[in-house]
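I opened the model to look up a few local features. My entries are below, in the order I made them.

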Amino acid sequence: MGSSRSGGSSLSLKTGNKLRRKQMYIEDKKIANKARHEERHRRRREEAKNPELREERLAKNQPASIDKKRVWDDVDDDSLGAQVDLAALKRRRMEQAELAAAAEADAAMKDDEEEKDDDADSMLDSDSENDGEDDEEREEKLQRKRAQRQPSIAPSTTSTNLDLTPDSLTRQFEHLFSDEPPPMPKILVTTSLNATIHKEAEEIGAIFPNSTYIRRSGHRWGHKYSVREIAKFAKNRGYTALVVVHEDLKRPHQMSIVHLNSEDAAPGPTLTYSIRNYLPGKSLLGHGNATNHYPELLLNNFKTPLGLLAAKSMNTLFPARPELQGRQVVTLHNQRDYIFFRRHRYVFREARATEKNVVTAEGKEMEGMQGIRAGLQEIGPRMTLKLRRVDKGIGRAGSEGEDALKWEWKAKMEKKRTRFNL
């Protein structure tokens with residue numbers, strides 16, 4: 001019935017008996033699994049003797065994800081639409097400034113040497129030797145000074161560094177990026193006309209501290225206030241921002257954030273986000289209930305000028321002094337231009353016997369955190385945001401002038417999968 005098993009042929013050519021072919025497949029599977037397990041145990045024994053082999057293997061086996069293949073614009077531009085890494089751009093500018101200062105120091109040193117040579121006496125050989133030694137010491141000091149480098153300004157984690165804000169953003173949105181401490185946020189939340197998602201909009205409004213939700217009237221005999229009129233009403237009553245939640249198919253579909261600024265400044269900018277995968281807090285398994293404490297805010301992975309604008313806009317909606325006793329944290333994590341919104345409650349507890357210690361991004365145990373674990377309980381709601389528009393004034397209709405539209409998402413921006421805007 002069966003023929004001899006050859007190494008390179010497929011199972012369909014080895015035998016025509018279906019049962020025998022199935023048995024041969026199982027035997028080949030066992031042989032492959034046994035070889036893989038033996039190789040794994042052999043590697044584990046070698047790594048136990050030499051831990052450097054494990055570090056080399058882990059450093060080599062890094063997955064080539066799209067985020068690691070991300071490409072940047074190689075330009076010296078920090079405008080709103082430029083896709084540049086602000087940390088790398090600032091570091092490059094600092095190095096160029098250091099090189100220019102070193103070149104100026106070299107030129108000044110050469111001029112001093114020429115002046116000393118003109119004034120030196122040709123008969124004093126000993127003095128010329130001493131001058132040569134001084135020049136060598138000065139040159140060594142200058143070389144040591146060049147070798148010194150400023151510490152890296154790029155964050156060690158994915159946290160956003162708002163200190164990298166370029167001057168171009170500060171000039172365009174001077175009230176948003178002001179040096180003065182931001183005022184205590186007071187936010188007015190409403191919906192679009194004839195909305196039916198009042199529960200969802202009220203839950204979204206509860207995310208922001210000091211917020212007030214007001215239903216937007218859609219009665220046929222009532223006055224239908226525009227967003228511009230609502231913004232004027234809110235600004236006169238001390239509100240710092242206006243959040244408008246739009247719906248589609250009776251679900252939250254879009255969210256517009258209008259910054260109202262101070263009394264002597266015009267409102268703006270307006271950032272419009274689309275909402276995907278909205279999930280209310282009560283639908284989360286094992287969810288918790290929120291308290292009135294001011295939460296901590298985590299802004300992760302915002303690197304471009306547009307990303308810093310979105311991060312700063314969200315930062316102004318939360319008080320600058322969180323109440324740590326509430327142990328609540330709001331996370332806005334940017335990944336591939338999608339902003340994942342999560343809200344949790346955390347607690348620190350002792351690690352169980354079956355749990356490992358806290359490790360760093362490199363896989364090493366974090367010092368001072370042995371035997372401690374953090375427990376999380378999601379509060380909700382959970383949603384995914386994507387920035388669609390940045391307007392100078394109040395929304396699409398409220399912006400006026402040539403520079404009314406600061407930025408808008410277009411489909412052609414996603415033709416290359418390794419280019420992102422935030």
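**Confidence.** I am working with a predicted model. I looked up the pLDDT first. The chain averages 83, and 85% of the residues score at least 70. I then turned to residues 145-156, where the pLDDT is below 50. Beyond near neighbours in sequence, this stretch has 15 contacts in the model.

**Helix 2 on its own.** I checked the length of helix 2 against its residue count. With 32 residues at 1.5 Å a residue, helix 2 should span 46 Å. I found its end C-alpha atoms 47 Å apart, which agrees. Next I looked at the N-terminal end of helix 2, which N17 caps. A side-chain oxygen of N17 lies 3.0 Å from the backbone nitrogen of L19.

**Helix 2 against helix 3.** How do the axes of helix 2 and helix 3 cross? I took helix 2 as residues 18-49 and helix 3 as residues 51-60. Their axes come within 5 Å and cross at roughly 120°. Angles of 65 to 115 degrees count as roughly perpendicular and those over 145 as roughly antiparallel, so helix 2 is oblique to helix 3. I listed the residues that make the contact. Helix 2 supplies R43, E46, E47 and K49. Helix 3 supplies P51, L53, R54 and R57. By class, I noted 6 charged residues, 2 nonpolar and no polar.

**Cis peptide bonds.** I looked up omega at two prolines. The bond from G268 to P269 is cis, with omega near 5°. P269 sits in the loop between strand 4 (251-259) and strand 5 (270-279). The bond joining G380 and P381 is also cis, and its omega is about 0°. I placed P381 in the loop between strand 9 (372-378) and strand 10 (382-391).

**Positive phi.** Where is N194 found? I located N194 in the loop between strand 1 (187-191) and helix 7 (198-205). Its phi is near 60°, a positive value in a residue other than glycine.

How values were computed: Residues are numbered from 1 along each chain as its sequence is written. This is a predicted model: local features need pLDDT of at least 70, side-chain atom pairs count only at pLDDT 80 or more; totals for chains, interfaces and linings use all residues. Side-chain values use heavy atoms; hydrogens and water are left out. pLDDT is the predictor's confidence in each residue, from 0 to 100. Contact means heavy atoms within 4.5 Å. Axes are lines fitted to C-alpha atoms, for helices over the stretch in contact, and angles run from 0 to 180 degrees between N-to-C directions. Helices (H or I, at least four residues) and strands (E, at least two) are DSSP runs, numbered from the N terminus. Angles under 35 degrees count as roughly parallel, over 145 as roughly antiparallel, 65 to 115 as roughly perpendicular and the rest as oblique. Ala, Val, Leu, Ile, Met, Phe, Trp, Tyr, Cys and Pro count as nonpolar, Asp, Glu, Lys and Arg as charged, and the others, Gly among them, as polar. The expected span of a helix is 1.5 Å times one less than its number of residues. A polar contact is a pair of N or O atoms within 3.5 Å; within protein, one must be able to donate a hydrogen and the other to accept it, and residues adjacent in sequence count only if both atoms are side-chain atoms.
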